[in-house]
Amino acid sequence: MTGAEALPLALAIPLLGSVLIALLGRWPNLREAATLATAGGLFLVVLQVLFGLLAGEPAEVELMRFLPGVPLALHSEPLSILFALVASGLWIVTSVYAIGYMRGNNEKHQTRFYVCFAVAIFGAMGVAFAANLLTLFLFYEVLTLSTYPLVTHKGDDNARRGGRVYLGVLLATSIGLLLPAVIWVYSETGTLDFRPGGILEGHMGGIAATALLMLFLFGVGKAAVMPVHRWLPAAMVAPTPVSALLHAVAVVKAGVFTLTKVVLYIFGLDFLREVPYEVVAVYLAGFTLVAGSVVALYQTNIKRMLAYSTISQLSYIVLATMVLTPLAEIGAVVHIVAHAVAKITLFFAAGAIYVASKKTEIHQLDGIGYRMPVTMGAFAIAALSMIGVPPTGGFVSKWYMIAGAFQHDYYFVLAVLALSTALNAGYFLPIVFRAFFRREPEPPARDHGEAPVTMVAALAFTALLTLLVFVFNGPLVTFEQVILEVAP
Amino acid sequence: MIDQHFLALLVVVPLLASPLCLLLPNGRLPWLLATAVAWVVFALAVFGVFRVYGDGPVSYWMGGWQPPWGIEYRLDALNALVVLIVAAIGAVVVPFAGRSVPAEVDGANIAGFYAAFLLALCGLLGIAVTGDVFNLFVFLEISSLASYTLISQGRNRRALVSAYQYLIFGTIGATFLLIGIGLLYAMTGTLNMADLARRLAEVEQTRTVFTGFAFIVVGAAIKLALFPLHLWLPNAYTHAPSVVSAFLAATATKVAVYVLLRFTFTVFGLEFSFGAAPLSLILATLAVAAILVGSVSAVTQNNVKRLLAYSSVAQIGYMVVAIAMVTALGLTAATLHLFNHALMKGALFLALGCVVYRMGGADMDSLRGLGRKMPLTMAAFVVAGLSLIGVPLTAGFISKWYLVLAAIELGWWPIVAVVLVGSLLAAIYIWRVVEVAYFREADDPARSEAPWSLLAPTWLLALANIYFGLDARLPVSLAESAASVMLGGAP
Amino acid sequence: MSLLFEHYNYWVAIFLMMTGFYTVISRGNLVKQVVGLNIFQASVFIFYISLAYVDGGATPIVKEGVEVYANPLPHVLILTAIVVGIATTALGLALIVRIKEAYGTIEEDEIREADQRDGKDSDA
């Protein structure tokens, strides 16, 4: 199978998988087997695309003519493969985890849950492999809509309110800001293809380009740059597997991935440096980065704290992208991976705690490390990655970001990075401390140990991945360096 | 014979079938006849569209009298699209009526109902195909009188008052049109559109022509329910039987938009309509008001039919603002939205028809828990609703794409903002319905899906929304050639 | 002055039109509204008919020795329009009869009150 053959399959598999899951809804075991088979199959297909690219055959597939000059098309390049690999690989792990979580919690409507999950992955694959901005926009919206039933899964008033904010913010930004930005680009250039070096150069300039940049920055609501971050804490009403894969990996990474793609392949680094006031984006991201951490510091609910931490971490990526130096771009890309594996571990741990003990608040965690050593051990590793301590993935990305900032002597960025590292430590370390160095105040109402084995296996595996990103960062960086090569 | 006379048959078949319907006994027979007629008409319309795109405009002389003395029927790219919309919606809606109408209309009036329906169909098609302005007025009145009758058939007594209000408004609008036509005739001595266009060029700068122009634009604006002349529309759509709401919402206002386009572009000509008078500015202003007022009113409604009716007021605003741009892209966007809006509003009103069939009403309360009770119906509603919002992969997105593209091309940034705000308001009012249907519990949660004879037409239109969102070549190429006809290029 | 007298037929038409229009807008009685609508339409008919008159023209029936005829076409057109007008009036009156049956009144304000008494989904 060549890369070009595998590309459409990467979309077809999750879509067909969702149909299969829906059909098998009556037999839970078969249904879960279908989910796992789909996830595994998808990962293999994405690997095929990767091998195709490594063999020097970048794939480009046109699915259908959509609008004049803008086909619905897919392509493979290092950045897309990276995102697709992260999303599809972690989907397998999350599926294993979700089976334990959903059954352990006796959740209702499990078929709908798995179906929507598969459709969301379909959307994420589309975003990853989109060859032009319109294709990307289409799948971006698929991702928004397919995750709505997941966010409101519980169906109570709380879920409905959360869903309203979720959909409201994401649709308002994408239709209100991103869509006009896309159409504007099309109107100026007549194309929307992602091309190395960008397509805008020579078509627009001055303050209009700044306005366009701002439309993109806020239009991609999934990147959660303040003040369009509200949807992410709201989405925490969802079951934990959803928060873990979608709101720590697929959906939010789709946001920063979109921004990175726009910066690299629509604007182009060289052109963007000429745009007046492009630094505003850096300041906005820097502000979000610090403010997100500060808000996280004051959270009492574990998942909400993780959500604000995600907001802050996403802005690392946006910030690094907007520093506009090659090393910082690499830092941004590596951080997509590093943050994904670490944050999913944290969410997995939060879900495991909930399933095992029904605890959701930080102050309840005293001494829980003795009851759930694996879970909290994984939590500790992931927390270190968030702070950026070796030997975790978070250290690698932060290293490149700082190096990138030095290339331009960007002291603002350096200051922000230092400040937020301190803040991250300020809200993650107390939890680890609580779990391992404090005694349980009173025995819990229900005696419990670790969560179901599938969940523990999943979170131990992702914690291991966090360490592996540190060890094997070399190949990752070499592979991604290609994105900086501008075609003549 | 079909090859020569299909244009006349398009109008004559429903016209002759209508009295025949009245002769049939109440029951299923009138419905069968109406279905057969609607499908024949649809086949003729498809044939016509292929002819126009194969060989160019088709001209037919009624009774063999040569225009400008005789009445000419003429099909070009612009009205071929309109004929296609009307005929297609008719062909989808009549099968739906088979189950829905006996439930909503007095059993003694069934034959009369279908007779009026066929007359309305005949009138709307007649407006679209005729090349004679007075003939256009006559067909306008045929379709209007038939629609007043259809609306009055609603079960609620308010249907009567709504029909009456519409009658008053509609008659004033049609009479305005008549005055305008009379003034044009006084200046040129002809009623044929093409001939009028030629002769008007000589007398363009007279006050009479300006007065005629004003009367015609206002008359058309009343019929197409342009803000602030839209007051008749919400009541009429709310209280009419579901089938009628679906049919009229998808076709009647579209045909009125066509009348406006035909007069301003073909008869008066681009330079006169938009050059001398500040029509573009007036239309754009009113359209913006329509979009905002219509959408905001829709958000506050408690009856879903009325909500959709106000949404129609807003959607008409989109079409008119696109017309006001007077560029190739703008006109493409307007005609495209004409087509797409018929699909989405048709599907939405049909889905509501299913709800009314089962629940007996369309207020928010009766929609509680329907996501579980009537999953297929509500799924169709959601699909069409997404299209109305303009979410990608639906027909509504294609409309919105062209509309925003056209506005950006002209640098009309405020219009871009208004269009997008309108979409967001649409998201709010559609989502209010979705939340009620999926998050509130029904009193009696037992599953009671609508029968397939109602679901099939509803889903046909809902799927059309997705199909034309994926593969928009057909409507886009139709709309583009319609735009080039309006701007005076070759069709 | 000459404008006033030369085109007195138009002035008549405009006067009738405004009278009819005003009646439609201002009256609350449904039958009076329909009558107003009739006057409004009739003004347009008169306008069309007077349009057809040609100075010194005879009735448009071919006769020996007559050179100038009035234009017959507007008359024909207006015959159609009159038929349409009658149909509209008939339908309007039929609706009023049904409204009277359903509401027991044909006064607009009383109908609105009755609707509001019905409660929900009242109209602004």
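Which helix supplies the largest share of the lining of the largest cavity? Keep that in mind; the tour gets there at the third stop.

Before selecting anything, note that this is a predicted model, in which local features need pLDDT of at least 70, side-chain atom pairs count only at pLDDT 80 or more, and totals for chains, interfaces and linings use all residues. Residues are numbered from 1 along each chain as its sequence is written, chains are lettered from A and ligands numbered from 1 in the order in which they are written, and side-chain values use heavy atoms, with hydrogens and water left out.

**Stop 1: salt bridges**

Over all chains, the structure holds 18 salt bridges (a side-chain nitrogen of Lys or Arg within 4 Å of a carboxyl oxygen of Asp or Glu).

Select Arg434(A) and Asp366(A). Their side chains meet in a salt bridge at 3.0 Å, N to O. Arg434(A) sits in helix α17 (residues 411-437) of chain A, and Asp366(A) in the loop between α13 (326-357) and α14 (368-371) of that chain; the pair links distant parts of the chain, 68 residues apart. Helices here are DSSP runs (H or I, at least four residues), numbered from the N terminus. Asp366(A) is buried at 12% relative accessibility. Buried means under 20% relative accessible area, exposed over 50%, and partly exposed in between (1.4 Å probe, protein chains only).

Next, select Arg158(B) and Asp115(C). This salt bridge spans 3.1 Å, N to O. Arg158(B) belongs to helix α6 (residues 158-188) of chain B and Asp115(C) to helix α5 (residues 108-117) of chain C, so the pair joins two chains. Arg158(B) is buried, at 4% relative accessible area. Asp115(C) is also buried, at 8%.

Now go to Asp195(B) and Arg199(B). The closest N and O atoms of this salt bridge are 3.3 Å apart. Both residues lie in helix α7 (residues 193-203) of chain B, four residues apart, about one turn of the helix. Asp195(B) is buried at 6%, whereas Arg199(B) is partly exposed at 36%. Then select Asp157(A), Arg160(A), Arg164(A) and Glu435(B): salt bridges that share partners join them into one network.

**Stop 2: the second largest pocket**

Select Leu183(B), Thr208(B), His7(C), Tyr10(C) and Phe47(C). Of the 25 residues lining the second largest pocket, these lie nearest its centre. A pocket is an open set of points on a 1 Å grid over the protein atoms alone, with protein on both sides within 12 Å along at least five of seven lines; lining residues have an atom within 4 Å of a point. The pocket holds about 970 Å³ of space, a volume being the space filled by probe spheres set on grid points joined across faces, edges and corners.

Colour the elements that give two or more residues to this lining: α6 and α8 (207-223) of chain B, with α1 (2-6), α2 (8-26) and α3 (30-51) of chain C. The largest share, eight residues, comes from α2(C). By class, the lining has 17 nonpolar, five polar and three charged residues. Ala, Val, Leu, Ile, Met, Phe, Trp, Tyr, Cys and Pro count as nonpolar, Asp, Glu, Lys and Arg as charged, and the others, Gly among them, as polar.

**Stop 3: the largest cavity**

A search of the whole structure finds seven cavities of 30 Å³ or more. In a cavity, a 1.4 Å probe fits but cannot get out. The largest cavity holds about 120 Å³ of space. Select Leu124(B), Ser143(B), Tyr166(B), Lys223(B) and Ala252(B), the closest to its centre of the 15 lining residues.

Show α4 (110-129), α5 (133-151) and α10 (242-267) of chain B; each supplies at least two lining residues. Here is the reply to the opening question: α10(B) gives the largest share, six residues. The lining divides into ten nonpolar, four polar and one charged.

**Stop 4: backbone details**

Select Pro390(A) and Pro391(A). The peptide bond between them is cis, with omega near 5°. Pro391(A) is in the loop between α15 (373-387) and α16 (393-407) of chain A. In chain B, the bond from Phe227(B) to Pro228(B) is cis, with omega near 0°. Pro228(B) lies in the loop between α8 and α9 (232-239).

Finish with Asp409(A), in the loop between α16 and α17 of chain A. Its phi is positive, about 55°, although Asp409(A) is not a glycine. Asp409(A) is partly exposed at 46%.
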